[in-house]
Amino acid sequence: MDRAELSITVHRTGDEAVLRLAGEIDMLTAAQLSTVVNEVLTDPPPRIVLDLGGVTFCDSQGLGTLVVLSRKASHAQSLLVLTHVGDFLLRVLDITGLRSALMIRNDQTTG
């Protein structure tokens, strides 16, 4: 079985930190995501944007981690926003009822 990979690049601007994620968010990589977001929260920007455009998979551990990180950001007076959320992940969030617990901003609407 291949080891799940998740790469995270962080770009900070004046009022937000953008984390570009590529790969899988699962039980093997969720801690890595938590660590990076916690580092950003040591000096919290008004907004933390998780760009999920490159995410190919997210399991229940990953979903739970997103919710926990959203709450942590909120406690730090920061807003965690998910962008470029894929159709598969939107469906999972709908099915689990977690969509309402997360701020999702898919600005780039196609059609």
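Let's start on helix 3, where D87, R91 and I95 are exposed on one side. Exposed here means over 50% relative accessible area, buried means under 20%, and partly exposed is in between, with a 1.4 Å probe and protein chains only. Helices (H or I, at least four residues) and strands (E, at least two) are DSSP runs, numbered from the N terminus.

A word on the model. It is predicted, so local features need pLDDT of at least 70 and side-chain atom pairs count only at pLDDT 80 or more, while totals for chains, interfaces and linings use all residues. Residues are numbered from 1 along each chain as its sequence is written, and side-chain values use heavy atoms, with hydrogens and water left out.

Back to helix 3, which runs over residues 87-96. Which residues are buried there? L89, L90 and L93. Just after helix 3 comes G97, with a positive phi of about 80 degrees.

Now the charges. Side chains of opposite charge can pair when their charged atoms come close. For a salt bridge, the rule is a side-chain nitrogen of Lys or Arg within 4 Å of a carboxyl oxygen of Asp or Glu. How many salt bridges does that rule give? Four.

Take R47 with D15. Their closest N and O atoms are 3.4 Å apart. R47 is in strand 3 (residues 47-58), and D15 is in the loop between strand 1 (6-12) and strand 2 (16-25).

Together, D15, E16 and R47 are linked in a network of salt bridges.

Buried or exposed, this trio? E16 counts as buried, at 16% relative accessibility. R47 counts as partly exposed at 23%, and D15 is partly exposed at 38%.

Last pair: R99 and D94. Their closest N and O atoms are 3.1 Å apart, and they form a salt bridge. R99 is partly exposed at 35% relative accessibility, and D94 is partly exposed at 45%.
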